[in-house]
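Hi everyone, thanks for making time this morning. Let me put the structure on the screen, and then I'll walk you through a few parts of it.

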Amino acid sequence: MRYISEFRDPKLAKTLARAIKLAAQPNRDYHFMEFCGGHTHAIFRYGVQDLMPPNVHFVHGPGCPVCVLPVRRLDDAIELACAHDVILCTYGDMMRVPGTGRRSLIKAKAEGADIRMVYSTIDALNIARDSPDRQIVFFAIGFETTTPATAVAIKRAQAEGLTNFTVFCNHVLTPAAIGHILSSPDFAPNGPARIDGFLGPSHVSAIIGSQPYEAAAQTYEKPVVIAGFEPLDVMQSVLMLIEQVNAGRAVVENQYTRVVTRDGNRKAQALVAKVLALRDSFEWRGLGAVTDSALRISNDFAAFDAEKRFAISEKRSREVKSCECPAVLRGVKKPTECKLFGKVCTPDNPMGACMVSSEGACAAYWSYGRQRMPETAA
Amino acid sequence: MTQDTVDMTHGGGGRVMHDLIRNLFQKHLSNPVLDRGDDAGLVTVPGQRLVMATDGHVISPLFFPGGDIGALSVHGTVNDLAMMGARPLYLTAGFILEEGFLLADLERIVWSMSNAARAAKVKVISGDTKVVERGKGDGVFITTTGLGVVSEDVDLSVANVRAGQSVLVSGTMGDHGVAVLSKRENLEFETEILSDSAALHGLVADMLAATPNITMLRDPTRGGLAGTLNEIAATAGVGITLDEAQIPVAPDVAAACELLGLDPLNTANEGKLIAICPTSQADTLLAAMQAHRLGRNAAIIGRVTDDPAQFVQMKTQLGGTRIVDWLAGEQLPRIC
């Protein structure tokens, strides 16, 4: 596999591991938050942690779109599928996330709701074309990586005059979340947790570029290195972060130069700006309400907004009691510090989103790393 | 399980399915043959050791690159018999047809079954047909039951697995799952990935001739290599350690998995087997496998370990370690 296996090369990994060990000063610790769940999983899937010196720590960030979606929005999606008789199209990872009372889309589907797993917004559009007598709702989630695809679908639906297609929009924005984390009391100089730098998002940055992180790096004096998702990308980025920390620098650097530029994908940005608009505030699981952190469908395309077409009821949504997903997403607790982890909460019986998603930190700990936690034995 | 309903994860080949089998089917139908937890039941009738297995086929789409539900319904059951070291002799076939299904398609399927049966030297000696109303089935479901004989000196069972033994696979992992998924989701790749659907009893016969004391065999179908090894570890009460660099995966399958966010180790196979044998015999067994058409890419991929936690672990190519877990639910695509 060209262009992939090169970035998993064991010899280069050894060389990088040696360089990291040399660069890391033994008299201090380094705490780096990898923002994306994709990084968390690369670290665990390839055993990157095993190649790090003991004073380099990964702090897992909130970059798992399924995980940060608050229970309320999932409950709304379940309501759309069950009570409004629509065909709800969703990305697969969402299916098993427990909502209030541990109801999930997969359970609603087993009870008869018409919920379809799709790979892209285009699949949802095809379903809308094929079923003119049904209402199709696309359950849009994700960071800036997936927003252009949603925008494309809405634009196409408008061009074709599709009247049975709407989008339940839950897209969220990365730079706002990074700013929110760094300004929180958790990471204040005397706070309970520490971050010395960020492994910046990779696919997100392909769209928005590296420029949007510069403000946070400067304001909070934390280095950011945009890192690819392959294990050698992660290791090289760690080395770059250590070098910045050692030199007392805090700037945005780009390790993932084969994909990311400073300006990003301008065409995609323009499309998103046309079809979607900034929400004043949006609730994130774990982070709470974050201003200017999410997108809604813009007024010009309001006809495609599921929140406007369907009367979604008010409800009192609740997380599973004692689930630590919120603290895990903020980076202040490790999955193993949750009382439910590995006991009642496993990927087969998830209590929180972080155990479900293929990008969730709890799932990574359980599925790839529990040999390091003998207490989780079968 | 009071108010719970069957959902798709109960058929996914992961721990949920394993638990359903153990806690519902086995609870009520328990007997010493079933409780061994092998791919097929071994019984002795005077003068003969018989092996019997049954397998339902509900694949969608019915026709996929490299095979169809007809051939698959022969291979699936023949392979369950083969995993016990048996020579398959007879099959029965039950068809559940959906009202409105094209007879021409049904004939294509049955023709394919007959070719597969002839090639495997088994006879379909009894059958049954039921039709359900439109919307109550998905075209055609086929359940086949197979009967085979196994010679006196063959004793393949998960109950014989011990720490220190070697783990081998007969070829590349994940071909079938990726072939079916690519068709199901209309994903088009530059080169067509074909299912590995094949009858394995010929390969098994050659393996047993070279290495009579093979410990056990199993075909990694649903749940893939990872699911099947976890099942073995849980049943035998052992751990397993794999070496990622040794696990064969075809480059196009690996590439498709990267694209779809799948793991070839969790992806289904229909013409591959896992063999566990004493380590002193591993090289002989490997040579016998590689000499057969269906075992050309065979490899020694790991060892059985003494591990009360029953972990299946892997030394990664990069030099770290990780767990190789059961799949939770059905394998799902990447979203970000």
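Let's begin with two helices in chain B: α3(B) passes α4(B) in a right-handed crossing. Keep in mind that this is a predicted model. Helix α3 covers residues 69–82 of chain B and helix α4 covers residues 103–120, and the two pack at an angle of about 35 degrees with their axes 6 Å apart. If you zoom in on where they meet, α3(B) brings residues including Ile69(B), Gly70(B), Val74(B) and Val78(B). From α4(B) you'll find, among them, Ile109(B), Met113(B), Ala116(B) and Ala120(B). And what kinds of residues make up the contact of α3(B) with α4(B)? They divide into 10 nonpolar, four polar and no charged.

Now stay with α4(B), as this helix also belongs to a right-handed β-α-β unit, together with β5(B) and β6(B). Strand β5, residues 87–98 of chain B, runs parallel to β6(B), and nine bridges join them. One pairing to look for is Gly94(B), whose bridge partner in β6(B) is Asp128(B). Why does β6(B) lie largely in the open? Strand β6 spans residues 123–132, and of its 10 residues the number buried is zero, so the strand is largely out in the open.

As a reminder, strands of a sheet pair through backbone hydrogen bonds.

Last stop, the place where the chains meet. Here 35 residues of chain B are in contact with 43 residues of chain A. On the chain B side, α1 (15–29), α8 (251–260) and β14 (321–323) each supply at least two residues. Which element gives the largest share of that side? That's α8(B), with four residues. By type, the chain B side divides into 17 nonpolar, 11 polar and seven charged residues.

Definitions and conventions. Residues numbered from 1 in each chain as written. Chains lettered and ligands numbered in written order. Predicted model: local features only at pLDDT ≥ 70, side-chain atom pairs only at ≥ 80, totals over all residues. Contact = placed C-beta atoms within 7 Å. Nonpolar A, V, L, I, M, F, W, Y, C, P; charged D, E, K, R; others polar. Axes fitted to C-alpha atoms, helices over the stretch in contact; angles between N-to-C directions. Left-handed = near helix turned anticlockwise from the far one by under 90°. Buried ≥ 20, exposed ≤ 12 C-beta atoms within 10 Å, placed from the backbone. Pairing = 2+ DSSP bridges. Right-handed = clockwise from strand over helix to strand, strands pointing away.
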